[in-house]
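Have the model open as you read.

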Amino acid sequence: MEVEKVLDAKMDHVKSEKVISAVKIGSDIRYYLSGFMRKQGYVEVPPVIISPLTDPLNHPVFDPVIDYYGEKYSLTKSMIFHKQIMVQSFGSIFTFSPNIRMEEAERSSTGRHLSEFTQLDVEKRGASRDEIMSMVEEMITGLFDYIKHEDTELLSRLGRDLHIPGKPFERIKYLDAERQYGKNFESILSKKKTEPFWIIDIPLHQREFYDRESDIDSEILVDMDLVYPEGFGEAISGGEREYKLEKIKERIHKKGQTEDQFRWFIEFAKRGLEPSAGFGIGIERLTRYVCGFKRIEDTHPFPKVPGEFSL
Ligand code: ASN
């Protein structure tokens with residue numbers, strides 16, 4: 001590695017007009033989202049960075065584990081289980097959660113993956129998927145409106161004409177989309193659409209064990225993804241959660257995972273979990289969409305690009 005070359009490139013990046021504008025817009029995005037969640041009655045909880053318990057995810061990533069006094073800690077991939085546990089006492093929570101997902105190098109070609117990112121992670125006890133989706137629609141339209149007014153100058157310098165979508169957002173069932181457009185439907189639809197849309201009712205094998213099965217069809221989950229238009233791809237994933245102990249164990253086994261891996265979550269479930277629903281929205285992806293950037297790394301002064309050396 002040529003140190004001088006690396007430093008030059010990093011300095012150019014940190015000082016670039018594009019990155020500076022995006023970081024300012026990102027800051028306003030966080031400000032708005034935080035105020036929005038508070039107004040909805042949600043409590044901001046602190047993030048969890050290391051824990052023996054973290055999201056298994058549904059795709060392979062490198063998995064750094066810290067050995068500390070004989071206990072093994074993972075870096076948080078998402079706070080899904082901590083959210084489910086915290087809503088038991090707080091009711092409605094949000095947090096700006098730093099996530100580490102050491103993605104394989106190929107992922108950098110999507111322009112929307114970073115190995116370190118922040119998601120606004122939200123969960124509400126007793127909520128239905130519909131309730132959460134309506135709130136997200138309010139949040140997204142309110143945010144775009146705010147940014148258009150607050151950052152008019154910056155957006156115009158970036159040449160971005162941010163469109164405020166109509167409500168409710170379109171809802172498309174996963175299997176219908178797949179039937180019509182094939183396996184690659186998400187990217188095809190994202191390029192075709194001019195407003196964000198929902199993909200709902202995701203098949204069981206496509207997602208982690210923690211989202212709840214539909215009462216009508218146990219192969220389908222009561223969950224959802226929000227997808228950005230103009231080819232920007234996935235924005236949000238979320239859903240109603242599985243909360244019954246026996247069901248949680250059954251779903252872990254179906255995934256070929258072990259109860260031992262999720263021992264602490266199972267212990268909490270034994271003491272009783274109430275139903276909840278929620279979602280996570282990646283802040284850098286959201287900033288990328290708002291700015292209209294081709295690549296996510298331009299939203300961050302120190303982006304962790306999959307497979308590349310990053311400071
Ligand atoms: N935060 C997401 C959720 O609430 C989970 C994830 O990040 N994989 O469903």
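What follows is a short tour of the salt bridges.

This is a predicted model, in which local features need pLDDT of at least 70 and side-chain atom pairs count only at pLDDT 80 or more, while totals for chains, interfaces and linings use all residues. Residues are numbered from 1 along each chain as its sequence is written, and side-chain values use heavy atoms, leaving out hydrogens and water.

A salt bridge here is a side-chain nitrogen of Lys or Arg within 4 Å of a carboxyl oxygen of Asp or Glu. The structure contains 37 salt bridges. One of them joins Asp298 to Lys18, with 3.3 Å between the closest N and O atoms. This pair ties together distant parts of the chain, 280 residues apart: Lys18 lies in helix α2 (residues 17–39) and Asp298 in the segment after α10 (283–291). Helices (H or I, at least four residues) and strands (E, at least two) are DSSP runs, numbered from the N terminus. Asp298 is buried at 18% relative accessible area, whereas Lys18 is partly exposed at 37%. Buried means under 20% relative accessible area, exposed over 50%, and partly exposed in between (1.4 Å probe, protein chains only).

Next, look at Arg160 and Glu230, a salt bridge whose closest N and O atoms are 2.9 Å apart. Arg160 is buried at 13%, and Glu230 is partly exposed at 37%.

What about a pair within one helix? Arg179 and Asp176 sit 3 residues apart in helix α6 (residues 174–181), so about one helical turn separates them. Their closest N and O atoms are 2.9 Å apart in a salt bridge.
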